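Thanks for coming. I will walk through one structure today, starting with its charged pairs and ending with its surface.

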Amino acid sequence: MCIRDSLSTEDFAQLVQRVIDAPEELKFGVFNALSDNGEKLLDISAAQSQLDYKPQHDAYAIADSPSGKPFMNKKIVFQDTETVVCADADTPTIATPDDILIQTSASIISAGTELSIWARLESWAPLPNTPGYGSVGKVLEIGKAVEGVVPGDMIFTHGPHQKIALAKNYAQKIPDGLDPKEAVLTRMAAVAITAVMVSDRKIGDTVAVCGLGLVGNLAAQLFALSGCKVVGIDVSPARRAVMQKCGVATVMDGKNDLATELKNLTDGRGVHAFVDATGLPGVIESSIHSIAAGGECILLGTPRGEVQGDLVPLLR
């Protein structure tokens, strides 16, 4: 499977979803995205079978698979800046006393980070690379030193887009009955809440959040829950509409003159905090003119470009 030209976040999410689906099944898809007269075509064929986990083997033995052969463990791989594949993966085993082996139910995409990895903008993640920011899965095996979880438990971890994988960094058992597709959002919420934790904002202060993707949307909701007056900013009408459905009524088009609009909204004062969740260097510079005296600019997105600007207005 080869994806050429640009792959949208929606297409990539669809790709991952075919590999990381439910605890007891594997949806194995073949994707071909081709450019035809400037129009991208996406063909999907899928076969669905039950998995039978056998830790002593290198693969999942699946009876009656369409090819007559067992489906192997699968993972998403960024081969190069033009190619994403759904590849066979070695099935990891318990190697240390702290290891936890899981069967992934859901994984979450961090669009900014993962697309940057794919574009070779992250020196710490050379290609080829198996991305993944967070996952929820069923515990299959545990090392001798593991406490608090047992095989069969559902846990949250920083796992990759891979069907059978080792838990990474830590493991948190999730409550019974919680949908893994909801629980896995914990990863992005943990990023978003850092903006609230580092901020000095108080109840009643005005906070602008620019960039209403998953991280920005969650940050805006968390500031609202903290008692702040929140303004959501994005160039996408769809994202602004979702933000309003999530309880933040005041939204602005990011294409407009934000400094003027935010000062008009605050009687000329400016916002007490401006949260950049875009990672775009230009947004950081323009935010300076939107912030009130004594206010703050919080870089929740990671700038992936050189940031230049005049700091004098900020120091004043």
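**Salt bridges, a pocket and some backbone**

D234 counts as buried because its relative accessibility is 7%. Buried here means under 20% relative accessible area, exposed means over 50%, and partly exposed is in between, with a 1.4 Å probe and protein chains only.

Before going on, a word on the source. This is a predicted model, where local features need pLDDT of at least 70, side-chain atom pairs count only at pLDDT 80 or more, and totals for chains, interfaces and linings use all residues. Residues are numbered from 1 along each chain as its sequence is written, and side-chain values use heavy atoms, with hydrogens and water left out.

Back to D234. Its salt-bridge partner is R239, and the closest N and O atoms are 3.6 Å apart. A salt bridge is a side-chain nitrogen of Lys or Arg within 4 Å of a carboxyl oxygen of Asp or Glu. R239 has 41% relative accessibility, so it counts as partly exposed.

How many salt bridges does the structure hold? There are 6. As background, side chains of opposite charge can pair when their charged atoms come close.

Another of these pairs is K173 with D153, at 3.6 Å from N to O. K173 is in strand β9, residues 172–173, while D153 is in the loop between β6 (134–142) and β7 (154–157), so the pair ties together parts that are 20 residues apart in sequence. Helices (H or I, at least four residues) and strands (E, at least two) are DSSP runs, numbered from the N terminus.

Next is R201 with E296, whose side chains meet in a salt bridge of 3.2 Å, N to O. This pair links distant parts of the chain, 95 residues apart: R201 is in the loop between α4 and β10 (206–210), and E296 is in strand β14, residues 291–299. Both R201 and E296 are buried.

Now the second largest pocket. Its volume is about 240 Å³. Of its 16 lining residues, W124, P131, G132, Y133 and K168 are the closest to the centre. The search runs on a 1 Å grid over the protein atoms alone: a pocket is an open set of points where a 1.4 Å probe fits, with protein on both sides within 12 Å along at least five of seven lines, and lining residues have an atom within 4 Å of a point. Grid points are joined across faces, edges and corners, and the volume is the space filled by probe spheres set on the points.

By type, the lining divides into 6 nonpolar, 7 polar and 3 charged residues. Ala, Val, Leu, Ile, Met, Phe, Trp, Tyr, Cys and Pro count as nonpolar, Asp, Glu, Lys and Arg as charged, and the others, Gly among them, as polar.

Which helix gives the largest share of that lining? Helix α2, residues 111–118, with 3 residues. The buried residues of α2 are T113, E114, S116, I117 and W118.

Most residues other than glycine have a negative phi, and most peptide bonds are trans. R120, in the loop between α2 and β6, has a positive phi, near 60 degrees. R120 is exposed, with a relative accessible area of 52%. P128 is also placed in the loop between α2 and β6, and the peptide bond from L127 to P128 is cis, with omega near 0 degrees.

A positive phi is found in D267 too, near 55 degrees. D267 is in the loop between α7 (258–265) and β13 (271–276), and counts as exposed at 75% relative accessibility.

Last, the surface. I193, M197 and V198 make a nonpolar patch of about 300 Å². Patches use residues with over 30% relative accessible area and no salt bridge; like charges are joined within 9 Å, and nonpolar side chains (Val, Leu, Ile, Met, Phe, Trp, Tyr) within 5 Å. Accessible areas come from the Shrake-Rupley method with a 1.4 Å probe, and for residues only the protein chains shown count as cover. M197 is found in helix α4, residues 186–198, and counts as exposed at 64% relative accessibility.
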